[in-house]
Amino acid sequence: MSALLEKAASPAIINNAWRKHRRDKAIWRIGVSREEMKPHMVYHLARLCEELKSGNYRPDPVRFFPVSKGDGKERIISAVTLRDKVAQRALLAVLEPMGEAVFHENSFGYRPGRSIDMALAKCREHINCGMEWVVDADIKSYFDEIPHGPLMKRVRALIRDPKVVALIRRWLDVGVPRRGFLGEAKGIPQGSVISPFLCNLYLTDLDRALGKANLPFVRFADDFLVFARTRADAEDARKFVEKTLRRLGLALHPEKTRIAKCGPKVSFLGRKLPKIRKRPGEGGGR
């Protein structure tokens, strides 16, 4: 018996997970529509609880469909069944405290008690401390490229519960398009409840490396900024980020990553960055 799965399958946690998704229009599971499930909701939720506790739970196959991006390219979105969303939400409630114990303080995305406003406040703090330049970073196809092997190594190190680890592995296996026979398994499903948690877990290595190198940064899931006092420092910071991401099997997007001076021309999380405030006595020209 897995203590973590038993806790996730408790009536209180399953009920709370259901409440978060009760307006979701996804089918309950393959072969059972949302409308067919609703009159028998108690039965289906109780059955889900039992399957999680007994280890008999298996996720449904995930449907994939393309969504056009602003640059004319397409992004593959995963259509997860409602049953699997509720199961992932329940397990996430148990895993979040474990993640919070190891996640970096400068990571703000999809974490309890943290928000976009808090991330932007930290950006202003760095700018007001004289960090005039920024590496505006974009990881190339992050959700599609994150390698399963190294990710699962970090999952096992954090969770140490073989049944939970196996369940997360099954979600990953059904949640990304199949690759070639010899192709490395990559990608975490966009549209999956547990994906942002896995995103934060995998990029914690990047966070720690930046912190150890004394490079101020703010990260919100796979979007992040690295701050520097001079352009030369920012160039060095970019090289450090590239090297660190390479070790993680990832890369910066060459066209979307840039070095810029802080100000309204730089946007982060849909907001414009402020200019650096000159202190009394500092000259404006150079």
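**Helix packing, cores and cysteines**

Colleague: Which residues of α11 do Leu-206, Ala-209 and Leu-210 in α10 meet?
Modeller: Bear in mind that this is a predicted model. Start on the α10 side, where the residues in the contact are Leu-206, Ala-209 and Leu-210. Across from them, in α11, sit Phe-240, Val-241, Thr-244 and Leu-245.

Colleague: At what angle do the axes of α10 and α11 cross?
Modeller: Two packed helices are described by the angle between their axes and the distance between the axes. Here the helices are α10 (residues 195–212) and α11 (residues 231–247), and their axes come within 10 Å. The crossing is right-handed. As for the angle, it's roughly 145°.

Colleague: Which residues have the most contacts inside the largest nonpolar core?
Modeller: That core has 69 residues. Apart from it lies another core, of 17 residues, with Met-131, Val-134, Val-218 and Val-266 among them. Back in the largest core, the ones with the most contacts are Leu-91 and Ile-168.

Colleague: What is Leu-91 in contact with, leaving aside neighbours within four places in sequence?
Modeller: With those neighbours set aside, the partners of Leu-91 include Leu-5 and Ala-8.

Colleague: Is Leu-92 buried or exposed?
Modeller: Leu-92 is found in helix α5 (residues 82–100). Leaving aside neighbours within four places in sequence, Leu-92 is in contact with Val-193 and Phe-197. Its relative accessible area is 7%, and the cut-off is under 20%, so Leu-92 is buried.

Colleague: How far apart in space are Leu-92 and Ile-194?
Modeller: In sequence, Leu-92 and Ile-194 are 102 residues apart. In space, going C-alpha to C-alpha, the separation of Leu-92 and Ile-194 is 6.5 Å.

Colleague: How many disulfides are in the whole structure?
Modeller: A pair of sulfurs has to be within 2.5 Å to count. For Cys-129, the nearest cysteine sulfur, that of Cys-262, is 12 Å away. The sulfur of Cys-199 is 16 Å from the closest one, in Cys-123, so that's too far for a bond. The search of the whole structure gives a count of zero.

Methods: Residues numbered from 1 in each chain as written. Predicted model: local features only at pLDDT ≥ 70, side-chain atom pairs only at ≥ 80, totals over all residues. Heavy atoms only, no water. Core = buried A, V, L, I, M, F, W, Y, C linked by side-chain atoms within 4.5 Å. Buried < 20%, exposed > 50% of the residue type's maximum accessible area, 1.4 Å probe, protein only. Contact = heavy atoms within 4.5 Å. Helix = DSSP H or I, 4+ residues; strand = E, 2+ residues; numbered from the N terminus. Axes fitted to C-alpha atoms, helices over the stretch in contact; angles between N-to-C directions. Left-handed = near helix turned anticlockwise from the far one by under 90°.
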